[in-house]
Amino acid sequence: MAKRSIPEVNAGSMADIAFLLLIFFLVTTTIEQDNGITRKLPRWEENPPEDVVIKKKNIFTVVVNKEDQMLVEDELMELKDLRKAAMEFIDNGGGKNEKGESCDYCKGARNPESSDHPTKAIIALKNERETTYSTYVAIQNELGAAYTELRNREAVRMYGAGNTYTAMNAIYRDPKVKDEALKEKLKTRLDKLKEMYPQIISEAESKSN
């Protein structure tokens, strides 16, 4: 009895199908990206300035432990109260800046035991390695929002309603806006507001107990 020949399977079409499936998954799959916090690093200097003595009253300490509990100035505080406390510290205006000028735009309590001037007010943030990333980001957001609110307030006072720091910054950074004269004017305003309320957040090295 003659042997029956086994028909060969055409593998060429299988390769085509596999290639099409690969393209399909590459096109439709969403790749998650890690979220981060934008920070502008200081310019590198070959000869850094000498150490400057900072008064304790010009430092606003925020410590987060491994249980995600927050201590502000050695007092337990909820996240919802952090922004207001930071604003009161930054905007205190209890003394003078490096030029010997008092803060004529500050609306704080002018407590002599708190920060002298917004340009001297430093927020010192420290967390343990076990602190959750979500808590760390939430605290950073609240501290950043404190500066933004103060800049918004002064922007409206100086440039009129609707001209908030947030709104002007959005227009300045919008790539669709091609008016260079407008962007130059906005940059001047934004730089002025940043000069009035510079964001000074010092982050100590994380530690683990």
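Arg157 lies in helix 3, where helices (H or I, at least four residues) and strands (E, at least two) are DSSP runs numbered from the N terminus. At 48% relative accessibility, Arg157 counts as partly exposed; buried means under 20% relative accessible area, exposed over 50%, and partly exposed in between (1.4 Å probe, protein chains only). Not counting residues up to four places away in sequence, Arg157 touches Tyr105 and Met196, contact being defined as heavy atoms within 4.5 Å. The C-alpha atoms of Arg157 and Tyr105 are separated by 9.8 Å, and the two residues are 52 apart along the chain.

The model is predicted: local features need pLDDT of at least 70, side-chain atom pairs count only at pLDDT 80 or more, and totals for chains, interfaces and linings use all residues. Residues are numbered from 1 along each chain as its sequence is written, and side-chain values use heavy atoms, with hydrogens and water left out.

Five strands form an open sheet in the order 3-2-1-4-5, with mixed pairing. Its edge strands are strand 3 and strand 5, each of which pairs on one side only; two strands are taken to pair if DSSP finds at least two bridges between them. From one strand to the next, the twist averages 30 degrees. Strands of a sheet pair through backbone hydrogen bonds, either parallel or antiparallel. Here strand 1 (residues 59-64) and strand 4 (residues 122-127) pair in the parallel sense over six bridges, and Ile59 stands opposite Ile122 in strand 4. Strand 4 also runs parallel to strand 5 (residues 201-203), to which three bridges join it. In that pairing, Ile123 stands opposite Ile201 of strand 5.

The loop between strand 2 (70-72) and strand 3 (75-77) contains Glu73, and Asp74 has its place in the loop between strand 2 and strand 3 as well. Most residues other than glycine have a negative phi. Phi of Glu73, however, is near 55 degrees, a positive value in a residue other than glycine, and phi of Asp74, also positive, is near 70 degrees. Glu73 counts as partly exposed because its relative accessibility is 39%, whereas Asp74, at 69%, counts as exposed.

Two helices lie across the sheet. Helix 2 (82-90) lies across strand 1, strand 2, strand 3 and strand 4, running at about 160 degrees to strand 1. Helix 3 lies across strand 1, strand 2, strand 4 and strand 5, and runs at about 175 degrees to strand 4. For these angles, axes are lines fitted to C-alpha atoms, for helices over the stretch in contact, and angles run from 0 to 180 degrees between N-to-C directions.

Helix 2 and helix 3 (residues 133-159) also pack against each other, at an angle of about 45 degrees and with their axes 9 Å apart. They are therefore oblique to each other; angles under 35 degrees count as roughly parallel, over 145 as roughly antiparallel, 65 to 115 as roughly perpendicular, and the rest as oblique. The contact is made by Leu82, Arg83, Ala86, Met87 and Ile90 of helix 2, and by Ile139, Glu142, Leu143, Ala145, Ala146, Tyr147, Glu149 and Leu150 of helix 3. By class, this contact has ten nonpolar, no polar and three charged residues. In this division Ala, Val, Leu, Ile, Met, Phe, Trp, Tyr, Cys and Pro count as nonpolar, Asp, Glu, Lys and Arg as charged, and the others, Gly among them, as polar.

Among the residues that make the contact are Tyr165, Met168 and Tyr172 of helix 4, together with Leu182, Leu186 and Leu190 of helix 5. The contact of helix 4 with helix 5 divides into eight nonpolar, one polar and four charged residues.

Finally, Asn92 is found in the loop between helix 2 and strand 4. Asn92 counts as buried because its relative accessibility is 2%. Leaving aside its neighbours within four places in sequence, Asn92 is in contact with Gly108, Ala109, Arg110, Asn111, Ser114 and Ser115.
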